Structure formats: structure tokens, C-alpha cells
Amino acid sequence: MNFLAHLHLAHLADSSLLGNLMADFVRGNVATQWPDAVVAGIAMHRRLDVLTDNLPEVRTARAFFRDETRRVAPITLDVIWDHFLARHWDTLHPAQSLPAFSAAAERAIVPHLAGAPDGFVELNAVMWRERWFEHYADPARLERVLNGMAHRRPRLAALRDSYQDFVDHYAQLEPLFFQFYPRLMDAARAQLL
């Protein structure tokens with residue numbers, strides 16, 4: 001799962017949006033660094049990453065990647081799942097539009113950035129201004145996202161090429177998303193993530 005899915009599932013679970021979004025930017029035991037709700041959100045994010053990576057549908061999706069991109073497939077798939085969530089937002093979260101959800105998440109997170117890691121603060125400065133989540137629904141936007149990630153982390157240069165795997169297997173990836181994501185939504189609502 002990438003940023004949008006983590007926030008969506010956190011919302012459904014009534015978990016800290018700040019903690020769920022910030023989890024990839026903090027390391028180790030964070031219990032003494034943040035309030036309990038934020039720590040619980042970080043823990044939820046970490047559990048969800050492990051759970052998702054081990055889902056049979058996600059393992060099936062990894063097989064669609066070529067040898068030269070298979071190493072970065074988990075990262076690319078996280079972005080792909082956000083694309084499908086954004087594309088089908090009105091079906092999966094009909095009570096609130098994606099722009100309204102994004103604005104509410106921004107209002108919940110941005111006032112609490114004091115003391116957050118610099119990279120996370122920088123992410124927030126760009127993500128909300130450029131309305132990333134609303135653009136995720138456009139398949140072509142994923143190319144820009146993957147290229148940006150590859151540029152920032154040269155050892156992950158294969159992310160650039162993984163966009164082609166997404167394009168070539170779009171029709172197979174989309175139903176896989178719908179096989180597992182509603183289950184995650186149910187688990188979030190039941191406080192099981």
C-alpha cells in the first residue's frame with residue numbers, strides 16, 4: 001500500500017492519519033517519540049505492509065514483472081494499488097469525494113508536523129499542494145511518480161522501467177486489487193489491521 005491506501009484504511013480503522021502516513025519516515029521504537037495514537041498508527045502501517053506483501057494476490061501480481069524490474073515490483077505495486085483506489089474511489093468510498101477526503105487528511109496531518117522527520121515535512125509540502133491523490137487516478141501519472149522515485153533513489157532506477165509492466169498488465173492487475181482491497185477495508189472497519 002502507498003500513501004492513499006494507508007490513509008484510507010487508517011480512516012476506516014479510526015487510526016491516526018499522521019502515524020499511518022509518517023511510518024515510512026521513522027525507524028525503530030517510536031514509543032517515546034510520539035503520542036500513543038500516533039505510535040498506534042505507525043504500528044498499523046507496519047502491520048499492513050507485512051500483511052499486504054504476503055497476500056496471494058500480491059504475490060500473483062509480482063509475477064507480471066520482468067526479470068529486470070521484479071526487484072522493485074513491491075514498490076511499484078504499492079503505487080499501482082493507490083492508482084486503482086483513486087480510480088475507483090467513488091465506488092469504494094462513496095460517502096466522501098476524493099478531493100474532500102484529501103483535504104480532510106491534510107487538515108488532520110499538517111498542523112502536527114512539528115518534530116516530524118525532515119523528509120516527511122518536505123513530502124507534505126509537495127503532496128498536498130500538488131494534490132497527488134486526485135491525480136493518482138490517471139494511469140499516466142504513475143509514470144511520473146515512478147520516475148520521481150527512481151530519480152530520488154538511484155539504486156531503484158528500475159522503477160522507471162516498471163511502468164511498462166503496469167501498462168502491459170493493467171487488465172490483470174485491476175481485478176487482483178478488487179480481490180484483496182475490499183477485504184482490507186472490512187478488516188480496517190473491524191479494527192483487525
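Reader: Why does tyrosine 163 count as buried?

Author: Tyrosine 163 has 12% relative accessibility, and buried means under 20% relative accessible area, with exposed over 50% and partly exposed in between (1.4 Å probe, protein chains only). So tyrosine 163 counts as buried. Before we go on: this is a predicted model, where local features need pLDDT of at least 70, side-chain atom pairs count only at pLDDT 80 or more, and totals for chains, interfaces and linings use all residues. Residues are numbered from 1 along each chain as its sequence is written, and side-chain values use heavy atoms, leaving out hydrogens and water.

Reader: What makes histidine 88 buried?

Author: Its relative accessible area is 17%, so histidine 88 is buried. Histidine 88 sits in the loop between helix 5 (73–87) and helix 6 (89–92); helices here are DSSP runs (H or I, at least four residues), numbered from the N terminus.

Reader: And what does the side chain of histidine 88 make a polar contact with?

Author: With the side chain of glutamate 174, at 2.5 Å. A polar contact is a pair of N or O atoms within 3.5 Å; within protein, one must be able to donate a hydrogen and the other to accept it, and residues adjacent in sequence count only if both atoms are side-chain atoms. Leaving aside residues up to four places away in sequence, histidine 88 touches Glu174 and Phe178, contact being heavy atoms within 4.5 Å.

Reader: How do you know that the length of helix 10 agrees with what it should span?

Author: Helix 10 (residues 139–152) has 14 residues, and at 1.5 Å a residue these should span 20 Å. The expected span is 1.5 Å times one less than the number of residues. The end C-alpha atoms are 21 Å apart, which agrees.

Reader: Which helices do the buried residues of helix 10 pack against?

Author: Helix 5, helix 9 (132–135) and helix 11 (158–168). Among the buried residues of helix 10 are Leu142, Val145 and Met149.

Reader: How many aromatic pairs are there in the whole structure?

Author: A search finds 16. One of them, phenylalanine 84 with phenylalanine 177, is tilted: 5.9 Å centre to centre, 35° between the planes. Rings of Phe, Tyr and Trp (its six-membered ring) pair if their centres lie within 6.5 Å; planes under 30 degrees apart count as stacked, over 60 as edge-to-face and the rest as tilted.

Reader: What does the pair of phenylalanine 84 and phenylalanine 177 tie together?

Author: Phenylalanine 84 lies in helix 5 and phenylalanine 177 in helix 12 (residues 170–189), so the pair ties together parts 93 residues apart in sequence.

Key: Helix = DSSP H or I, 4+ residues; strand = E, 2+ residues; numbered from the N terminus.
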